[in-house]
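Hello,

Here is the structure I said I would pass on. Please open it next to this email and follow along; my notes come after it.

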Amino acid sequence: MSDPVPSPSNHVPGPAERLRIVLVGTQHPGNIGSAARAMKTMGLARLVLVAPEKAPSVESYALAAGADDVLAAATTCATLAEAVADCRLVLGCTARSRRVALEELLPRDAAARAVGEAGAGAEVALVFGRERTGLTNDELQLCHASVHIPANPDYSSLNLAAAVQVLSYELRLAVLAATAPAAAAADGDGAERREPPASHAEMEGFFAQLGDTLDAIDFHKGRAPESAMRKLRRLYLRAGLDSREVRILRGILADAQRMASLARKDD
């Protein structure tokens with residue numbers, strides 16, 4: 001297969017190019033192909049596989065029905081954290097509520113948010129779990145919100161590829177409705193531009209340091225830290241921090257840790 005033609009150096013990626021579909025722990029290679037087909041029909045091309053039970057196969061290409069380029073370009077990661085490390089928005093598609101408290105979005109609302117973030121220059125992932133068991137609580141914890149397809153409650157058995165098709169369709173509608181191209185923002189009235197939105201990896205690094213700092217200052221006073229950290233995660237994720245803001249917050253945390261260390265030495 002020949003290499004893809006390189007994009008011109010002045011090419012500005014559109015929203016669809018910043019959207020990725022992430023399949024976690026897919027059990028049947030055929031479903032990978034069917035998902036690729038669903039994506040291509042709606043103008044999406046970025047497929048990421050996280051620890052699939054079986055690699056794409058002849059069956060995958062047969063069910064892709066011509067979306068061979070999407071399959072061939074698919075990347076494989078060992079963990080979900082790796083697959084979404086550079087993302088500003090991660091939406092987890094789940095069929096039922098879990099103990100992880102996440103904002104729940106309908107597909108249309110999720111697509112509007114995803115395309116809005118992508119149009120602003122952010123990387124966005126829509127994550128789908130295993131055919132039988134979906135996403136684990138730990139995997140959902142890496143998501144900013146969940147997406148629930150309101151299927152018939154008496155028969156809600158939605159195939160993985162069908163779920164990808166529903167979300168891909170809504171993404172397509174949202175992309176077509178986006179009337180303000182990125183170029184318009186670049187040619188604006190000279191208003192100050194924000195730093196790039198903080199990536200998923202930057203936010204996770206901040207949360208790790210925040211947890212360490214709260215321990216260092218004995219914030220929890222013997223209480224389990226998980227509840228407070230879940231609330232703080234939701235608070236900071238809603239804030240939509242950019243990279244510079246995360247650096248400032250991490251600098252504050254570093255100073256707090258240093259002062260806590262000095263206080264311990266003085267005791």
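I start with strand β4, residues 89–93. This is a predicted model. Five of the five residues of β4 are buried, so the strand is largely enclosed by the rest of the structure. Buried here means under 20% relative accessible area. Both faces of the strand are covered. On one side you will find Leu89, Leu91 and Cys93, and on the other Val90 and Gly92, all of them buried.

Which strands does β4 pair with? One is β6, residues 124–128, which is joined to β4 by five bridges. The two strands run parallel. To find this pairing on screen, look at Leu89, whose bridge partner in β6 is Val124. Another is β7, residues 145–147, with three bridges to β4, and this pair is parallel as well. Here you can look for Leu91, which stands opposite Ala145 of β7.

Next, the empty space. Rolling a probe the size of a water molecule over the atoms shows where such space is left.

I looked at the second largest pocket, which has a volume of about 610 Å³. Its lining is made up of 27 residues. If you want to find its centre, go to Thr94, Ala95, Ser156, Leu158 and Ala163, the lining residues that lie nearest to that point. Helix α7, residues 160–177, gives the largest share of this lining, namely three residues. By type, the lining of this pocket has 13 nonpolar, nine polar and five charged residues.

How many cavities of 30 Å³ or more are there? The count comes to one. About 30 Å³ of space lies in this largest cavity. The residues that line the cavity are Gln141, Leu142, Cys143, His144, His200, Met203, Glu204, Arg233 and Leu237. Two helices, α9 (200–216) and α10 (226–239), each supply at least two residues of this lining. The largest share, three residues, comes from α9. Sorted by type, the cavity lining has four nonpolar, three polar and two charged residues.

Regards

Terms used. Residues are numbered from 1 along each chain as its sequence is written. This is a predicted model: local features need pLDDT of at least 70, side-chain atom pairs count only at pLDDT 80 or more; totals for chains, interfaces and linings use all residues. Side-chain values use heavy atoms; hydrogens and water are left out. On a 1 Å grid over the protein atoms alone, a cavity is a set of points where a 1.4 Å probe fits but cannot get out, and a pocket is an open set with protein on both sides within 12 Å along at least five of seven lines; lining residues have an atom within 4 Å of a point. Grid points are joined across faces, edges and corners, and a volume is the space filled by probe spheres set on the points. Helices (H or I, at least four residues) and strands (E, at least two) are DSSP runs, numbered from the N terminus. Ala, Val, Leu, Ile, Met, Phe, Trp, Tyr, Cys and Pro count as nonpolar, Asp, Glu, Lys and Arg as charged, and the others, Gly among them, as polar. Buried means under 20% relative accessible area, exposed over 50%, partly exposed in between (1.4 Å probe, protein chains only). Two strands pair if DSSP finds at least two bridges between them.
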